[in-house]
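I opened the notebook to record what I looked up in this model. The entries follow the order in which I went through it.

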Amino acid sequence: MDNYQELNIDQEFWADFVVEAFEHIDEIETNVISLEQNPDDMEIIHTMFRAFHTIKGLSGFVEHSIIQEIAHKTETLMDYCRKGELAVNTKIVDAILKSSDYIKRLCEDTDSYKDQSFVAQIEVLLVVLEQLAAMGEIPVAAEAPPVEKFIEIPIEIATVKADIQKFEPVEEKLTDKTADVIEDVIEDVIAEVPEEDIFVKPNLQAFADEIFVIKDEEIVSTVKIEPTEKEQPKPTALVAEAPAAKKLMSSNEDYMKVANHKIDHLVDMIGELIINQSLIDQYISSKYTHDNQLISNMSGFLRITRELQSLSMSLRMVSFKSTFQKVSRIARDTIQELGKDVEFVTSGDNTEIDRVVTDKLLDPLVHLIKNAISHGVEENVQDRIKTGKNKKARVELNAYNKRGKIVIEVKDDGRGIDTDIVHRKALEKGLIDPNRTYSEEEIKEFILLPGFSTAAVVDNISGRGVGMDVVKTQILKIGGKVDIKSTLTKGSVFTLEVPVNHAIMNGTIIEMRGQYFIIPTMNVKEILQPREDQWIFTQGKRTMLKVREDIISIVPISVFFKGEKLEEHVPLVILLEVDGELKALPITNVINRQEVVVKPVGEEFSNLKYISGMSILGTGKVSLILDIDYLFKKEAKV
Amino acid sequence: MALIDQKLLTFSLGKEGYGVSILKVKEIIGMLEITPVPRTPEFIKGVINLRGKIIPVMDLRLKFGMDQQEYNERTCIIVVEVTINGNQRLLGVVVDMVSEVVNITSEQIEPPPEYGMSLEHNFILGIGKLKDRVVIIIDIEEVFLCDEIIKMLESV
């Protein structure tokens, strides 16, 4: 592959190419998983064929001969599949995935083709693709190849005649839906007619007047079952089909692609508009209370901006499609690596959620799915049979809306969580109090503790005892929660409940040392004015607070203000709660409670663990959002 | 950054004149209320709300180890664009006063002297000799990505 050493990529169009190629690769990845489940789905095969075809064309344009060759060979393979000369099998699916992976890598790292071992991998793939395609090269009756595909019982080719000339070629791209419909129709017919008189039965005519097989760009062949005597096919029928198909295609054009940063900018600007408006509003309500006209105009204005805000937020909503797609891919790899017999099903991928949240959900979902497949599903099929379950295990990933929240379930029908084992492990690792008795529910929660893992062997799928607690931390970070339901031998369900909109949160604004901070209201348990005798001192410092029967430790102020000590007089204390645990934060004042727009912490402050975000208050001033989870961690004792 | 003919935005810190390539400058704004961010180096004054964007603000006087000065009506924030870990970020730089935008040719620029400078050399691109004065041309990105910031990014 010496000629690859000097790729002369057209830099000008490269960026555009990468964007477009990624789109097609995404499409391929979405489809390939479903193709494996429905290897006969012509529509999917066509989509994938087109995707590789486009990549091939584009890569030729930017003069990337390696991508072009991979795409070309894969396209050839897909071509055999779509002609029905090759049945889709796992090997083909693997090859397709490899092709898309390699193309992706070549796009991501323009120098990757210089990596000898990678080039070797590509060469192996190319050979595999050729071998697979070679299996499709067995000559088939040239006249009507699709017939064999659609009608799977042997019939006399002579009675079915390809008849393309009778019809005018259709200019428009037709969807492959048509082919599906035809397939269904024929199957129906076959089912109803006894084999021996397949073309005699009268009800066949009702179905099989005209059958067209319309391929994507051209009419490859139009198959028509010979009509009996008088019934002449009407060519107009084809024309009648065309507009419907065209309509389906054009639905794509109702969308416009907009860069993420533009939408973020719009959301920001509208946020700013609202802040400015609230400044004006405050001014009006303090100075112009007598001017009813002004006040009513202002409230009309408020309504419009509020509408505008919710509209702009909705622009950031995306479906779970691409997240599910990535997870499906990983699920497939995991299943294959472990060699388990598992069916992976997703539902609700059109549920919409803030784009920012989907990004944060990917890692937790990957963990959960890997866990479900590697730990949830039984190692031994015999164990499944013994408990009366199907040999094939089932792992589900479902998403849906529930009371303004998004619920994501990872469900398996595996062995379930054995609370005895979990309890013992947790004790061995010293994660829990040996003198306490825990309820079943509590024990299940142990698997979310840091450092917990029941897997005896550490493998490369999952099982290092990191993972589950990472899932929990991540989900908490975006304001969600994790719930575990599990029945021994029946399976487990991990439910994640996350807010639809990560960008807006209810915050309690407090004052510490003359500065405002925001605390997520869901972490605020109570605000109290401690009496002097409630304080507990150690080494001359106020370190704990006695509230009713509880002794609550104080969050040291040095966490925020390095080296500083608590003032002599602490007027207020805010009790924070995370997972039933309490901590007290001494504050000077409580200012307000309001919905705040959360902005991420800039990279330059990413090491400041005590803040989880920033927000702009109604006054236009920036305020820091405290990371309450961090305050509960041991490391926060500075 | 090569020392070629370019436009410089000049500003002053006390008696010292500085210049920064206009290409890095996004805008110049008057003083805004700055929200302090605790546990950051002293010269990081905090964050401001720049039309809905939250950006960090650094006081160049403090950064250069000069005495702090009360902010007054001439104090400005120069908003510059810097690249941190490959991401474009906006950064506010507090200076005493913004002077003017000047054209400078490569002949007018002297390379930084070897020693005798109070500043760390990698900030300084050169010394610009203008008609009536001399300005120190600095690379604002380098200033921001100095040791302390890197430490700040890495430390816990």
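**Entry 1: a sheet in chain A**

I began with a strand pair. Strand β16 (residues 572-578) of chain A runs antiparallel to strand β17 (residues 581-587) of chain A, and seven bridges join the two. I then picked one residue and looked up its partner. A:Leu576 is bridged to A:Lys583 in β17(A). I keep in mind that this is a predicted model.

Next I asked which sheet holds the pair. I found an open sheet of six strands in chain A, ordered β12-β16-β17-β15-β14-β13. Its pairing is mixed. I noted the edges as β12 (524-528) and β13 (535-538) of chain A, each of which pairs on one side only.

**Entry 2: two helices in chain A**

I moved to a helix pair. How do α2(A) and α3(A) pack? I read an angle of about 155° between helix α2 (residues 42-61) of chain A and α3(A), with the axes 8 Å apart. α2(A) is therefore roughly antiparallel to α3(A), since the cut-off for that term is over 145 degrees. The crossing of α2(A) and α3(A) is left-handed.

I went through the contact residues. On the α2(A) side they include A:Met42, A:Ile45, A:Phe49, A:Phe52 and A:Lys56. On the α3(A) side they include A:Ile67, A:Ala71, A:Glu75, A:Met78 and A:Arg82. By class, I recorded 10 nonpolar, seven polar and four charged residues in the contact of α2(A) with α3(A).

A:Glu69 sits in helix α3 (residues 65-82) of chain A. Is A:Glu69 buried or partly exposed? I put it down as partly exposed, because 19 other C-beta atoms lie within 10 Å and a buried residue needs 20 or more. I also took one distance: A:Glu69 and A:Ser59 are 9.0 Å apart, C-alpha to C-alpha, and 10 residues apart in sequence.

**Entry 3: where the chains meet**

I turned to the contact between the chains. Chain A brings 23 residues and chain B brings 24 residues. Which elements of chain A supply at least two residues each? I found α10 (260-287), β19 (611-616) and β20 (622-626) of chain A. The most comes from α10(A), with four residues. I sorted the side of chain A that touches chain B by class: nine nonpolar, seven polar and seven charged residues.

**Entry 4: chain B**

I noted three helices and 11 strands. From the N terminus on, I read the order of elements as β-β-β-β-β-α-β-β-β-β-β-β-α-α. Of the 156 residues in chain B, 33% are buried. I looked up contact range as well. Of the chain B contacts between residues at least 6 apart in sequence, 53% join residues at least 24 apart.

B:Val134 lies in strand β11 (residues 134-138) of chain B. I marked B:Val134 as partly exposed because 13 C-beta neighbours lie inside 10 Å. Leaving out residues up to four places away in sequence, I found that B:Val134 touches B:Gly17, B:Ile127, B:Gly128 and B:Lys129. I took one last distance. B:Val134 and B:Tyr18 are 116 residues apart in sequence, yet 8.3 Å apart in space, C-alpha to C-alpha.

Methods
Residues numbered from 1 in each chain as written. Chains lettered and ligands numbered in written order. Predicted model: local features only at pLDDT ≥ 70, side-chain atom pairs only at ≥ 80, totals over all residues. Pairing = 2+ DSSP bridges. Contact = placed C-beta atoms within 7 Å. Nonpolar A, V, L, I, M, F, W, Y, C, P; charged D, E, K, R; others polar. Buried ≥ 20, exposed ≤ 12 C-beta atoms within 10 Å, placed from the backbone. Axes fitted to C-alpha atoms, helices over the stretch in contact; angles between N-to-C directions. Parallel < 35°, antiparallel > 145°, perpendicular 65-115°, else oblique. Left-handed = near helix turned anticlockwise from the far one by under 90°.
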